[in-house]
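Below is a short report on selected residues of one structure.

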Amino acid sequence: RRRGRSAWVHRNFLGGAEWVKGFLSLGHRGSNALCIEGAQPYALGGLTAKGRVFHETRDEIPTCSYKEQRDGVSLTASSPGSPIALSYVLCRRSVKSVGASDASLSSSLVHAYAVDTRDDAYQPSRGGAVRHSFEVAGVGCVGEQFWRERLHVEAHRRMGGLRLSLCGSLSVLQSLGKKPSNPIDRAL
């Protein structure tokens with residue numbers, strides 16, 4: 001199976017420190033992705049607005065018996081150097097598992113907090129990372145209505161010739177409507 005990744009970035013094309021970038025990833029560990037992003041910094045408090053259009057697939061059939069596809073757009077506002085970001089995401093997700101399939105539409109507001117002090121994002125040996133997000137879905141009465149809170153914590157330390165890594169995740173989801181939440185939203 002072919003694997004590869006191609007990326008491009010174009011900076012300051014309108015003279016205002018904005019950028020546009022894109023990437024295409026094929027066959028990378030059972031996933032494919034196409035993403036185009038753009039950002040525009042604003043003078044008011046150093047706020048940066050970022051837009052993203054994406055198509056992602058993950059084939060987890062060999063290990064977890066499902067295949068996921070996500071298509072959507074997102075808009076994010078953040079300040080450089082701040083660990084906080086606020087996003088709006090409109091996304092269509094479909095999951096196919098052995099013998100079943102399901103799809104859902106999600107319109108969400110997401111408040112995210114992330115701090116990362118790892119020495120390497122892929123194979124860390126020192127430092128840690130904390131990612132926390134709170135999502136309210138069903139904005140504008142589009143798609144499933146729920147709130148979800150996620151927390152992911154990592155700690156890495158080198159002890160002599162050994163590397164100790166501890167990781168943990170927690171997710172809580174509660175339906176806001178009268179009907180129960182979609183199983184896709186619980187897991188993904």
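## Disulfides

With a disulfide taken as a pair of cysteine sulfur atoms within 2.5 Å, the count is 0 disulfides. Cys 91 has a relative accessible area of 3% and is therefore buried, whereas Cys 167, at 53% relative accessibility, is exposed. Buried means under 20% relative accessible area, exposed over 50%, and partly exposed in between (1.4 Å probe, protein chains only).

## Basis of the values

The model is predicted: local features need pLDDT of at least 70, side-chain atom pairs count only at pLDDT 80 or more, and totals for chains, interfaces and linings use all residues. Residues are numbered from 1 along each chain as its sequence is written, and side-chain values use heavy atoms, with hydrogens and water left out.

## Aromatic pair

The whole structure contains 1 aromatic pair. Phe 134 and Trp 147 form this pair, which is stacked, at 5.7 Å centre to centre with 25° between the planes. The pair links distant parts of the chain, 13 residues apart: Phe 134 lies in strand S8 (residues 127-137) and Trp 147 in strand S9 (residues 146-159).

Rings of Phe, Tyr and Trp (its six-membered ring) pair if their centres lie within 6.5 Å; planes under 30 degrees apart count as stacked, over 60 as edge-to-face and the rest as tilted. Strands (E, at least two residues) are DSSP runs, numbered from the N terminus. Phe 134 is partly exposed at 32% relative accessibility, and Trp 147 is partly exposed at 25%.

## Ser 94

Ser 94 belongs to strand S6 (residues 84-97) and is buried, at 11% relative accessible area. Leaving out residues up to four places away in sequence, Ser 94 touches Lys 67, Glu 68, Gln 69, Asp 102 and Ala 103; contact means heavy atoms within 4.5 Å. The C-alpha atoms of Ser 94 and Thr 57 are 9.5 Å apart, with the two residues separated by 37 residues along the chain.

Technical notes. Helices (H or I, at least four residues) and strands (E, at least two) are DSSP runs, numbered from the N terminus.
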